[in-house]
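Reader: I would like to go through this model carefully, with cut-offs given as we go. To begin, which space is taken by the ligand?

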Amino acid sequence: MSLLLDNQFKELPPDRAVDTKLFLESVSHIPSFFDCLGSNVFSVIKSDINGNIVKIKAVYLKDPARYVTLQDIVEAERDAHPAEWPKVGATLALMWLKRGLRFIQILLQSLADGERDENNPNLIRVNVTKAYEEALKKYHGWLVQKIFHVALHAAPYKSNFLKALSKGEEVKEEECLANVRQFLVTYTATVDAVYDMYSHLNAELDYTV
Ligand code: CIS
């Protein structure tokens, strides 16, 4: 049983447009996963990601027929709020959400690739640090970087993390990592498509929080 394979992202169409409804369904399973990680430190991250999802969903539900793809939302907000955009509404929420999704992608890929601290093979700190440095660090000032270091030390052991991804069942590491690899196919394609859309629309910002 695999949490990831139960919640696989859908395959993209040839034009790589991301369907808003399917995307929101897929990401809706992420926040509750933080409860399995065993530390209150993760509640701040959970609430940030959940806030992004709620914001995007609220815009989508205003007019589902108009906002069929994520790009429809970003373009509509660009036209409606030219002075503030892209630091506005669901465009801003998705900008941050995609960074959290990229973090998760790099973390899972690093585990699937077998990257490890040979002296502490049951720790995932090298994998978490790689994900942080590539996906988030440049958007964080010193205070948030400090929160990261607290979260890093609260990171679960690899065996517990993989067990949580296997819905609490004891599964062989290699079997779980095979599921992770399968999950990453459509997940990575979706995250890449959202990044490419932001780049194409010139909607990316690089301010720090
Ligand atoms: C396992 C160890 C993990 C350690 C993780 C360490 C991560 C780094 C911690 C940094 C602390 C972040 C605290 C929040 C910072 C926010 O200030 C910052 C900026 O927020 C944005 C808002 O989102 O600020 C904007 C204004 O400037 C807006 O207010 C915006 O909100 S809006 O627009 O909606 O109103 N936010 C961030 O920097 C984003 C932080 C994201 C962190 C992601 C970390 C993910 C950690 C994942 C670990 C677990 C991996 C899980 C693996 C798989 C999940 C499987 C799920 C199962 C279900 C499958 C279905 C897909």
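Author: The ligand counts as sitting in a pocket if more than half of its atoms lie within 2 Å of the grid points, and the space that it takes is the largest pocket. This is a predicted model, in which local features need pLDDT of at least 70 and side-chain atom pairs pLDDT 80 or more, while totals for chains, interfaces and linings use all residues. Residues are numbered from 1 along each chain as its sequence is written, and side-chain values use heavy atoms, without hydrogens and water. The space asked for is the largest pocket.

Reader: What volume does the largest pocket have, and which residues are closest to its centre?

Author: A pocket is an open set of points on a 1 Å grid over the protein atoms alone, where a 1.4 Å probe fits with protein on both sides within 12 Å along at least five of seven lines. Taking volume as the space filled by probe spheres on the joined points, the largest pocket comes to about 1100 Å³. Its lining (an atom within 4 Å of a point) has 42 residues, and the closest to the centre are F34, I45, I49, F103 and I104.

Reader: Which element gives the most to the lining of the largest pocket?

Author: With helices taken as DSSP runs of H or I of at least four residues, the elements that give two or more residues to this lining include α1 (3-6), α4 (42-62), α6 (89-112) and α10 (173-200). By class, 34 lining residues are nonpolar, seven polar and one charged. The helix that gives the most, with seven residues, is α6.

Reader: How many of the residues in the shell around the ligand are charged?

Author: The shell holds 35 residues, with a heavy atom within 4 Å of the ligand, and those that come nearest are D48, N52, K55, H140 and Y207. At least two shell residues come from each of α1, α3, α4, α6 and α8. The shell divides into 26 nonpolar and seven polar residues, and the number charged is two.

Reader: How much of the ligand's exposed area does the protein bury?

Author: Among the polar contacts (N or O atoms within 3.5 Å), a polar side-chain atom of H140 lies 2.6 Å from a ligand oxygen, and an N or O atom in the side chain of Y207 is also 2.6 Å from a ligand oxygen. A polar backbone atom of A93 is 3.5 Å from an oxygen of the ligand. Taken alone the ligand exposes 1300 Å², and the share that the protein buries is 90%.

Reader: Which element gives the most to the lining of the second largest pocket?

Author: The second largest pocket has a volume of about 160 Å³, and its lining includes R16, L70, Q71, D196 and H200. Two or more of its lining residues come from each of α5 (70-80) and α10. The element that gives the most, with five residues, is α10.

Reader: Where is R16 found, given its positive phi?

Author: R16, which lines the second largest pocket, has phi near 65°, a positive value in a residue other than glycine. The place where R16 is found is the loop between α1 and α2 (20-27).

Definitions and conventions:
Nonpolar A, V, L, I, M, F, W, Y, C, P; charged D, E, K, R; others polar. Polar contact = N/O pair within 3.5 Å; in protein donor to acceptor, adjacent residues only side chain to side chain. Areas by Shrake-Rupley, 256 points an atom, 1.4 Å probe, with all protein chains shown as cover.
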